[in-house]
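The stops below go from the whole chain to single residues.

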Amino acid sequence: MRAKLRPESLDEFIGQAKLKKRLKVFLDAAKGRKESLDHVLFYGPPGLGKTTLAMLLGKEMGVSVKVTSGPALARAGDLAAILTGLKKGSILFIDEIHRLNKVVEETLYSAMEDYVLDIVLGKGPSAKTVRLNLERFTIVGATTRMALVGGPMRDRFGYVQQLDFYQDEELEDVVKRTAELLQSKIDDKAAFEIAKRSRGTPRIANRLLKRIRDYAQVNSDGRIRLAETKEALEMLGIDEMGLSDADRKYLDVIKKQYDGGPVGVDNLAAALTEDVGTIEEVYEPYLMKKGLIKRTRKGRILV
């Protein structure tokens with residue numbers, strides 16, 4: 001049976017201390033008034049815990065969580081089918097909310113504000129609008145691209161919270177917790193080595209830990225020590241800054257093909273055979289955090 005790595009309560013959630021403190025206030029206030037939680041929007045780079053927090057809000061409130069994503073809600077009818085099935089206080093988690101269809105997004109406005117849903121029946125002159133009353137519910141949205149969430153949608157969220165990259169010490173705790181759940185023994189130095197090469201992201205830390213566990217199992221007695229950790233990370237192409245082969249290729253393209261920049265993201269995408277979204281959402285946030293590149297009006301440049 002696979003171990004469940006997601007925490008079971010907000011107290012078990014590691015990192016994001018300021019965010020957790022705020023959420024606890026909002027949760028306690030809503031429970032004290034016996035009301036549903038106000039709508040929440042989480043934003044930040046991938047892998048920092050937006051989905052996990054959405055699940056924890058449901059557990060803390062003692063309500064069910066329905067999970068969907070922006071691309072999955074292609075028509076207003078898809079949204080209506082979900083909303084009419086929600087019970088009082090339920091949470092609807094919409095991942096990649098910036099990718100909502102415009103018509104679906106506009107349909108959601110009245111549902112979020114007034115808890116009603118206007119459905120158009122028929123076509124042409126004989127068409128009529130039917131208003132459905134909904135149970136009071138909570139929308140929890142998550143996005144990696146806050147700029148693509150329109151103002152009217154963003155303003156309808158009561159709480160807009162940013163998730164930031166983790167500190168190495170926090171990631172060390174994440175690694176130790178995951179190792180315990182996976183029933184793997186790990187030394188403190190090995191846990192910290194994994195943490196500092198995990199790009200400030202728990203998802204990456206957990207992924208690296210699993211691969212290092214495989215390496216230690218095959219090449220040693222299964223215990224994760226510093227030596228095995230460094231050997232495994234070298235095999236995986238992860239350097240001491242947490243840069244992967246793909247990151248180094250990105251930097252090499254700017255340095256060698258464009259003399260350090262500036263270079264447009266479309267040209268970078270073509271040279272790397274990656275799509276623009278992957279470069280902007282996966283590659284660049286960490287490289288910018290480490291001070292290796294800058295985004296300018298003319299393009300990307302090496303620092």
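The model is predicted, with local features needing pLDDT of at least 70 and side-chain atom pairs counting only at pLDDT 80 or more, while totals for chains, interfaces and linings use all residues. Residues are numbered from 1 along each chain as its sequence is written, and side-chain values use heavy atoms, with hydrogens and water left out.

**The whole chain**

Along the principal axes, the C-alpha atoms fill a box of roughly 70 × 45 × 30 Å. Switch to a surface: the chain exposes about 16100 Å², 48% of it supplied by carbon and sulfur atoms. Accessible areas come from the Shrake-Rupley method with a 1.4 Å probe, and for residues only the protein chains shown count as cover. Of the 303 residues, 44% count as buried; buried means under 20% relative accessible area, exposed over 50%, and partly exposed in between (1.4 Å probe, protein chains only). Contact means heavy atoms within 4.5 Å. Among contacts between residues at least 6 apart in sequence, 68% join residues at least 24 apart.

**The largest pocket**

Next select Arg 6, Gly 47, Gly 49, Thr 52 and Arg 203. Of the 31 residues that line the largest pocket, these are the closest to its centre. The pocket holds about 730 Å³ of space. On a 1 Å grid over the protein atoms alone, a pocket is an open set of points where a 1.4 Å probe fits, with protein on both sides within 12 Å along at least five of seven lines; lining residues have an atom within 4 Å of a point. Grid points are joined across faces, edges and corners, and a volume is the space filled by probe spheres set on the points.

Which element gives the largest share of the lining? Colour H8 (202-219): H8 supplies five residues, the largest share. Helix H2 (50-61), strand E6 (138-143) and helix H6 (168-181) each supply at least two. By type, the lining divides into 10 nonpolar, nine polar and 12 charged residues. Here Ala, Val, Leu, Ile, Met, Phe, Trp, Tyr, Cys and Pro count as nonpolar, Asp, Glu, Lys and Arg as charged, and the others, Gly among them, as polar.

**The nonpolar cores**

Now show the side chains of Leu 37, Phe 42, Leu 53, Leu 57, Val 140, Ile 186 and Leu 209. They have the most contacts inside the largest nonpolar core, which has 44 residues. A nonpolar core is a set of buried Ala, Val, Leu, Ile, Met, Phe, Trp, Tyr and Cys residues joined through side-chain atoms within 4.5 Å. H8 gives the most to this core, with seven residues. Another core, of 25 residues, lies apart from it and includes Ile 97, Tyr 109, Ile 139 and Val 149.

Zoom in on Val 140. Beyond its neighbours within four places in sequence, Val 140 contacts Val 40, Phe 42, Ala 54, Leu 57, Ile 91, Leu 92, Phe 93 and Ile 94.

**Backbone stops**

Most residues other than glycine have a negative phi, and most peptide bonds are trans.

- Lys 34, in the loop between H1 and E1, has a positive phi of about 55° although it is not a glycine. Lys 34 counts as exposed, at 76% relative accessibility.
- Tyr 115 has a positive phi near 55° and sits in the loop between helix H4 (102-114) and strand E4 (116-121). Is Tyr 115 buried or exposed? Tyr 115 is buried, with a relative accessible area of 10%.
- Gly 261 and Pro 262 are joined by a cis peptide bond, with omega about 5°. Pro 262 is in the loop between H10 and helix H11 (265-272).

**Two last residues**

Select Asp 247 in helix H10 (residues 245-257). Asp 247 is buried, at 3% relative accessible area. Leaving aside neighbours within four places in sequence, its contacts are Arg 199, Gly 242, Tyr 283 and Leu 287.

Finish at Lys 185, in the loop between H6 and helix H7 (188-196). Lys 185 is exposed, with a relative accessible area of 60%. Lys 185 and Arg 223 are 38 residues apart in sequence, and their C-alpha atoms are 5.2 Å apart in space. Not counting residues up to four places away in sequence, Lys 185 touches Gly 222, Arg 223 and Ile 224.

How values were computed: Helices (H or I, at least four residues) and strands (E, at least two) are DSSP runs, numbered from the N terminus.
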